[in-house]
Amino acid sequence: MVRRSRATQLLNNLPQLQNLIKRDPPSYQEEFQQQLHHFEASLAIFELKPEEETKDFGDLINFIAQVAKCYPEQCAQFPAQLMDLLQRHYQVLNADLRKAVVQALILLRNRGVVSNLHVMPLFFTLFRCHDKALRKMLYTHIVNDVKLANKGRHRNHKLNKTLQGFMYTMMSAADAQDKHGEGAIAAKKSLDVCIELYRKNIWTDAKAVNVIAQACFSPITKIMVTAVQFFLSPQKKSKDGDESESETEEGQKESRSRRNIQQVLHQSKINKKTKHRKRLLEKATRARRLNQAREEGTLKEDDADETNLSGKGKGPPVAFDVLSLIHDPQGFAEKLFARVHSSTTATKRGGSTVDRFEVRLLLLKLVSRLIGHHQLQLIALYPFLQRYLQPHQIEVTQILASLATASHVFLPPDILQPLIRTIADNFVSDHCSPEVMCAGLNTIRAIAARQPLAIESDLLNDLILYRKHRDRGVMMAARSLLMLYRQLNPEMLHRRDRGREATLNILSGKAEKPLLKFGEVRVANGVDGSDLLNEYDDIEGASSSEDGLDQELEADSDHEDTEGEAISDSDSDSDVDASSDAESEHPAEIDHASEDADATSEALESPERSAVRVDMARPLTDEDFAQISRLKKLKRSGKHPIKARKRKAEGELSESDASDNNEVLSSSEDEDEKEYLDAADILGDYHTRKRRRKATYEERTQSVMAGREGREKFSSKKAKRDMESRSLTNREKRKTKDFRMISHKRSVVSKGKRSLVQKRHELRKHVTKQKKNGF
């Protein structure tokens with residue numbers, strides 16, 4: 001009886017039975033078989049009324065899922081039974097029971113009992129449920145499961161292809177077009193999954209991008225805005241390409257270590273000093289040092305391993321621009337612009353959906369980026385944007401940035417000339433505020449940089465006159481426009497505005513790169529900019545060999561000086577003989593040194609001494625391409641590094657010029673021209689201006705003390721006494737005493753007894769003294 005009661009209690013206590021089965025599965029096989037039969041009977045009864053709440057049935061499902069791996073043969077049909085239950089009754093199931101069944105399936109999937117190809121379509125279908133907690137759990141599991149399936153360099157192409165096709169079907173289904181339907185919820189969560197997997201560098205192929213692009217045409221604004229924002233900022237969230245989970249503490253430490261070094265330093269001064277915060281500070285400092293070395297091209301192979309935070313020797317995955325992966329960019333841009341145009345001209349009388357202005361502005365930004373990236377032809381966009389080119393327009397800076405981004409070299413100049421004229425009339429005039437003028441000039445400059453033929457010569461020279469404006473932002477914008485056309489087409493400028501170098505090039509007829517006509521393309525011979533890198537390497541090598549030669553000559557001169565000191569007692573004839581003997585003993589070294597000097601001079605005179613280009617001699621690395629970008633930037637800014645190094649090698653470059661040039665070469669703040677512009681680029685100097693914060697008491701005191709240096713003769717009497725380290729005299733102290741303390745003094749008493757003659761005499765003396773002092 002005791003054994004029978006214990007067996008009955010064991011069958012009723014599922015957690016205890018679960019613990020015993022995991023310890024010894026063969027010994028409790030009979031008990032598990034009874035529970036399995038109990039589950040099948042309960043399932044048959046439950047399917048008659050699936051909407052009822054049964055807590056015992058959920059506990060039984062959890063128990064079998066926990067021990068299913070111990071009895072694989074008996075539980076072969078268990079996952080299929082749960083999936084069939086959810087597939088048929090997921091809409092009417094109780095929320096707790098539905099969550100228990102989903103958790104059981106997730107547990108079976110994590111333990112490898114069921115394949116992800118079978119459960120993933122069901123999980124996407126469950127996104128239709130009006131259960132936010134369930135959708136959040138499914139979202140987290142799907143992202144992590146797909147991430148584990150594509151772990152490392154291995155890619156599960158079969159799973160990826162199946163899921164991407166399923167997502168495309170869900171987002172293009174008929175019920176996904178209804179704003180209040182269940183398909184819209186599932187489409188939104190499927191889109192979130194696809195975007196998150198792209199940001200985790202898992203689904204970075206063209207198919208995943210085009211699945212997201214399909215969501216841009218959804219009639220549901222929330223889905224459409226999510227997809228458009230993805231194309232505008234694909235990596236808005238923190239990049240997570242390593243194999244660790246983004247929610248772990250290690251991932252949080254890595255993301256915090258990539259913060260700005262100023263913020264980390266500020267926190268280290270305020271917060272409590274701990275080893276953890278010390279490691280964060282060291283990691284942030286090391287990351288900044290490595291980034292600077294990478295930008296300057298001085299990153300060594302030993303330091304290259306430190307750039308990988310995961311420490312597993314894997315480089316960053318190859319990432320293409322998300323706009324480059326769209327299959328039909330022309331059709332994609334035309335459809336988006338058609339939606340913007342229809343929403344602008346439509347009314348709500350017919351019951352049609354009209355997008356808000358903010359949504360239309362997002363679509364215009366995406367269309368402009370597509371046009372600028374792929375150099376598309378969408379002529380109807382530019383007259384459409386012309387109506388918004390007014391200073392009082394809402395978000396006019398973003399509209400101006402979109403217009404500049406949509407300009408490219410293959411766009412006909414006749415299309416852009418009316419827009420530039422409109423911007424000049426509405427923004428760049430004396431009745432406008434300096435901020436508006438700065439925005440207009442920066443926009444014209446950005447358009448002209450992409451299509452130099454879009455501006456007329458008369459208008460250009462009129463705009464350049466603002467380079468002497470009293471406002472700093474307007475002055476800088478006009479000067480940047482002037483410098484741009486000094487490089488691109490100085491013939492459009494007046495002779496006094498061309499600059500010395502451009503004028504000499506025009507007079508000599510040897511312009512470096514003449515302005516191309518509309519539709520003309522300059523084809524690069526090899527890698528564009530490799531000639532600059534070749535010249536830079538030649539001059540660098542020549543200067544290094546010259547430095548080595550100078551060191552050898554200095555060493556020889558030092559050696560001769562020591563020998564001269566040793567034989568200083570001998571006469572001049574012996575010195576001459578010794579020097580002649582030294583020359584006769586080392587003729588080969590002198591000849592070799594002269595040959596090196598000749599080779600150095602030849603290298604300096606002719607930078608193209610090697611017939612083989614650098615891109616043909618060796619494969620170019622990322623550092624080489626970064627160096628080419630910097631050399632192009634310096635050449636555009638007028639600080640040609642090749643000429644500067646030639647002058648330095650020839651002795652014509654001063655030390656200050658050389659140091660300035662080296663600082664420019666090593667500066668990591670020189671960025672290339674941005675492909676996409678934003679409102680900050682249009683505002684220019686006004687965006688960077690910040691209101692000065694109120695100085696602290698210590699800073700104000702320090703500023704006051706610094707202003708007093710060198711002004712001792714203007715200081716007060718007290719300050720002079722403090723410098724002389726003395727106190728007040730008795731006469732000075734008497735002036736501050738109360739009258740009652742000195743009223744009995746003889747000098748005070750006698751002063752009151754003076755006659756009128758004495759008073760007049762003393763008054764006359766006082767007036768005379770004042771006149772002598774200049775009063």
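Predicted model: local features only at pLDDT ≥ 70, side-chain atom pairs only at ≥ 80, totals over all residues.
## Helix 4 and its partners

Helix 4 (residues 55-67) and helix 6 (residues 95-110) have axes that come within 9 Å and cross at roughly 5 degrees. Here axes are lines fitted to C-alpha atoms, for helices over the stretch in contact, and angles run from 0 to 180 degrees between N-to-C directions. Helix 4 and helix 6 are therefore roughly parallel to each other (angles under 35 degrees count as roughly parallel, over 145 as roughly antiparallel). On the helix 4 side, Phe 57, Gly 58, Ile 61, Ala 65 and Gln 66 meet Leu 97, Val 101, Ala 104, Leu 107 and Leu 108 of helix 6, with contact meaning heavy atoms within 4.5 Å. That contact splits into 8 nonpolar, 2 polar and no charged residues. For the classes, Ala, Val, Leu, Ile, Met, Phe, Trp, Tyr, Cys and Pro are nonpolar, Asp, Glu, Lys and Arg are charged, and the others, Gly among them, are polar.

Helix 4 also meets helix 5 (residues 78-89), where the axes come within 11 Å and cross at roughly 145 degrees. This crossing is left-handed (the near helix is turned anticlockwise from the far one by less than a right angle). Phe 57, Ile 61, Ile 64 and Ala 65 from helix 4 touch Phe 78, Leu 82 and Leu 85 from helix 5. The tally for this contact is 7 nonpolar, no polar and no charged residues.

## Ground rules

Residues are numbered from 1 along each chain as its sequence is written, and side-chain values use heavy atoms, with hydrogens and water left out. Helices are DSSP runs (H or I, at least four residues), numbered from the N terminus.

## Helix 7 against helix 8

Helix 7 (residues 116-125) packs on helix 8 (residues 132-149) at an angle of about 150 degrees, the axes being 11 Å apart. The two are therefore roughly antiparallel to each other, and helix 7 passes helix 8 in a left-handed crossing. Helix 7 brings Asn 116, Met 120, Phe 123 and Phe 124, while helix 8 brings Leu 138, His 141, Ile 142, Asp 145, Val 146 and Ala 149. By class, that makes 7 nonpolar, 2 polar and 1 charged residues.

## The cavity

There is 1 cavity of 30 Å³ or more (on a 1 Å grid over the protein atoms alone, a set of points where a 1.4 Å probe fits but cannot get out, with lining residues having an atom within 4 Å of a point). The largest cavity holds about 30 Å³ of space. Its lining includes Arg 360 and Tyr 388, and helix 18 (357-374) and helix 17 (329-345) each supply at least two lining residues.

Technical notes. Parallel < 35°, antiparallel > 145°, perpendicular 65-115°, else oblique. 1 Å grid on protein atoms, 1.4 Å probe; cavity = no way out; pocket = protein on both sides within 12 Å on 5 of 7 lines; lining within 4 Å. Points joined across faces, edges and corners; volume = space filled by probe spheres on them.
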